[in-house]
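Trainee: I'd like to go through the terms used for this model, one at a time. Can you set each value against its cut-off?

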Amino acid sequence: MRDQLKTEAEQPPAVPGQRSVVPPRAHAPVRPPTARPAPATPAEGAAAGVATTGVAATGVADRLAYLDAATRRINSALDLAATLRNIGRVLVPTLADAAVVHLRDPLPNVEREPGFPEELRIHHSTGTRIGRRGRKSGADDRHRSRFGSRSTADTGPATPVTRGGPLAHILLSRRPAESAVLGTPAAERTEALLRELYGTRGLARLAAGTSVVALPLRGRKAVLGLLVLIRRPPERTGRPAFDAADTATAAHLATQAGLAVDTALRYAREWEIANELQRSMLPLRLPQSHGVRLAQRYLPGERGAQVGGDWYDAVPLPGNRVALIVGDVMGHSLTSAAIMGQLRTSAQTLAALDLPPHEVLYHLDEQAQRLGREQHLATCVYAVYDPIANRVVLANAGHVPPVLVRPDGTAELVELDSGAPIGVGGVDFNSVELPAPPGSALLLFTDGLVETRTRPLSDGLEVLRARIEAARWQSPEQLCQEALRILPPGDRGDDIALLGACFDGIPAGDVAHWYLQPRNETPGRARRLAAHTLRRWGLDELSEATELMVSELVTNAVQHATRPVTLSLVRTARLRCEVGDDSPLLPRPRRTGPEDERGRGLQIVARCADRWGATRLGTGKVVWFEQRLPQ
């Protein structure tokens, strides 16, 4: 079985009269048409890997089988680099001793007419050093195209295409190929073409008697580049120069190669558009709330996996709390990315209402069902961290469990009732409250981190837990980096989203909280409580402005509240004040005239505070303001 799984490059080409062991298919080795007399025995010939061409001794069936297998091999990949490698492998050594692929520089947008090809650059070469400017043949340096696609070696400076020159002539004319044997009178035009491509020094590397075929690579709307095939002199290789049948075979494969390159460029552009769409839906930066440090990582999957629906988010909440969200829309497509954006927006809106985590998941489930039940399933973990109470509340909807790190460094997978994914409908979600003392941390992630083609989910979760427990990290950035170290080498089949949170907490001595009855004397009492607290904290410089703003906000709350009003002061790097009541009506600044007696409270707050705002909650609202602490 192991021998049957050899790569195409390891399979020896067939010889005339011998049936290939591997049937022709997309990844099967091509069966070359051969011209030299066969070896003494077919087995000896196959072992020696004889691969020479010529139509005289080649059967039509062999040549058609070669074309069929080569065509499928050329069109078997969507990545540009893999497509170019496949082109080289089907041509060398079966049809030519060397092959060089030149493409437009920069790579064009194949969805519209790119115009005249101003420059060409070598993107792949097999079996030759011509034009490589001293680089080793087969080097695997890489560069990024204008669409981010990964192509093979950037092997030298771009070659300008002279209008009216031999290179422009073959690119823009409808001639299928330019073929000649160097050193002969008929090779003058071909030699001029090679001189324009590689210079005089590059042309000098090709000995007299070398047979060359140059073929344009045409896409669906325009020419994309040039394919150059080389056969060394017969006295060196023992096989003749390209004949008419070989040139026709090469022209057919060049047509297939041009279409395959066009497809790869289209796929690369679509992948970049989808990836950019997904990235634009993710937050550029996370809010740095007091009492918690956050970091995130997002790694897209390999190109073959297309774009996914992984997302992360953090939403500040009243009381210096923060909501942490990581989710994954099932599937890989533009639809998945679009659904991800809708669910993320819905999650932000629900989080701002300060609903319990299980209620947020319940409403997300309803939203997903309204979007459609066919393919809009998603998993999600929603957590709310309270740095004052040093608690974290979590709910799970079919997602992989997060990792909670204790202050002593031990790590554990949080056992949650995972429930069903969002979009199933009719599922109860439960919240779990856990202690989160200062020095602890929480890592939320998607399954692409722990589940790979070679590692099951359960093993990946244990590897992650052990890695985080054993590693020495000090920040959420280092926590995310250590988590990514468990990834095996190679391409990723799925997207990965990480959200790391290090819990620092807020000391109880830096927090003051009161419940005040909605009475006429309440604003005066609120001023006195605020002034006393600021003196205790040594913030007398802020006392006058803070008392004024507290008085205005509490007065407005008392006018609308039917239940006790809350007043909170929190000292961190800033002084934050929050006034809450049970009225859902958010205050709005308004213009006031000289005779108006009301409506100036928010104008005073906006003038005195560094920042202020209002947040609607499930049971009312909170109006807050912040001030910088004095130096």
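Trainee: How many bridges join strand E1 to strand E2?

Mentor: First, a caution: this is a predicted model. Six bridges join E1 (residues 98-104) to E2 (residues 119-126), and the two strands run antiparallel. Valine 101, for instance, stands opposite histidine 124 in E2.

Trainee: What makes E1 and E2 a pair?

Mentor: Pairing needs at least two bridges. E1 and E2 have six, so they count as paired.

Trainee: What is the strand order in the sheet that holds E1 and E2?

Mentor: The order is E5-E2-E1-E8-E7-E6, an open sheet of six strands with antiparallel pairing.

Trainee: What makes E5 and E6 edge strands?

Mentor: E5 (159-160) and E6 (178-181) each pair on one side only.

Trainee: Which helix lies across E1, E6, E7 and E8?

Mentor: That is helix H7, residues 244-281. H7 runs at about 35° to E7 (211-218).

Trainee: Serine 173 sits in the loop between helix H4 (166-172) and E6. Why is serine 173 called buried?

Mentor: Its relative accessibility is 15%. Buried means under 20%. Serine 173 therefore counts as buried.

Trainee: How do you know that the side chain of serine 173 makes a polar contact with the backbone of histidine 169?

Mentor: A polar atom of that side chain lies 2.8 Å from the backbone oxygen of histidine 169. The cut-off is within 3.5 Å. The backbone nitrogen of arginine 175 lies 3.4 Å from a polar atom of the serine 173 side chain. Leaving out residues up to four places away in sequence, serine 173 touches Ala168 and Arg218.

Trainee: Now threonine 379, in strand E12 (residues 378-386). Why is threonine 379 called buried?

Mentor: Threonine 379 has 8% relative accessibility. The limit for buried is under 20%. So threonine 379 counts as buried.

Trainee: What joins the side chains of threonine 379 and histidine 399?

Mentor: A polar contact of 2.8 Å. The limit is within 3.5 Å. Threonine 379 also touches residues beyond four places away in sequence, including Trp311, Val326, Met330 and Pro421.

Trainee: And glycine 439, in the loop between strand E16 (431-435) and E17. Why is glycine 439 called partly exposed?

Mentor: Its relative accessibility is 46%. Buried is under 20%, exposed is over 50%, and partly exposed lies in between. Glycine 439 therefore counts as partly exposed.

Trainee: What does glycine 439 touch?

Mentor: Arg406, Pro407 and Phe503, not counting residues up to four places away in sequence. Glycine 439 and glutamine 474 are 35 residues apart in sequence and 9.7 Å apart in space, C-alpha to C-alpha.

Trainee: E17 belongs to a sheet in the order E9-E18-E17-E14-E15. Why is one side of E9 and of E15 left without a neighbour?

Mentor: E9 (292-299) and E15 (411-413) stand at the edges, so each has a single partner strand. The sheet is open, with five strands and antiparallel pairing. Its twist averages 15° from one strand to the next.

Trainee: What makes E14 and E17 a pair?

Mentor: E14 (residues 403-405) and E17 (residues 441-445) share three bridges, in the antiparallel sense. The requirement is at least two. Valine 403 stands opposite leucine 443 in E17.

Trainee: Which helix lies across E14, E15 and E17?

Mentor: H10, residues 457-470, running at about 160° to E15. Helix H11 (residues 476-484) lies across E9, E17 and E18.

Trainee: Why are H13 and H14 called roughly antiparallel?

Mentor: The axes of H13 (residues 543-560) and H14 (residues 601-608) cross at roughly 150°. Over 145 degrees counts as roughly antiparallel, and H13 and H14 are therefore given that label. Their axes come within 9 Å. Residues making the contact include Leu548 and Met549 of H13 and Ile604 and Val605 of H14.

Trainee: Last one. What makes strand E23 mostly covered?

Mentor: Eight of its nine residues are buried. E21 (residues 574-581) pairs with E23 over eight bridges, in the antiparallel sense. Seven bridges join E22 (residues 611-617) to E23, again antiparallel. A hairpin joins E22 to E23 through two residues.

Note on methods
Residues are numbered from 1 along each chain as its sequence is written. This is a predicted model: local features need pLDDT of at least 70, side-chain atom pairs count only at pLDDT 80 or more; totals for chains, interfaces and linings use all residues. Side-chain values use heavy atoms; hydrogens and water are left out. Helices (H or I, at least four residues) and strands (E, at least two) are DSSP runs, numbered from the N terminus. Axes are lines fitted to C-alpha atoms, for helices over the stretch in contact, and angles run from 0 to 180 degrees between N-to-C directions. Contact means heavy atoms within 4.5 Å. Buried means under 20% relative accessible area, exposed over 50%, partly exposed in between (1.4 Å probe, protein chains only). A polar contact is a pair of N or O atoms within 3.5 Å; within protein, one must be able to donate a hydrogen and the other to accept it, and residues adjacent in sequence count only if both atoms are side-chain atoms. Angles under 35 degrees count as roughly parallel, over 145 as roughly antiparallel, 65 to 115 as roughly perpendicular and the rest as oblique.
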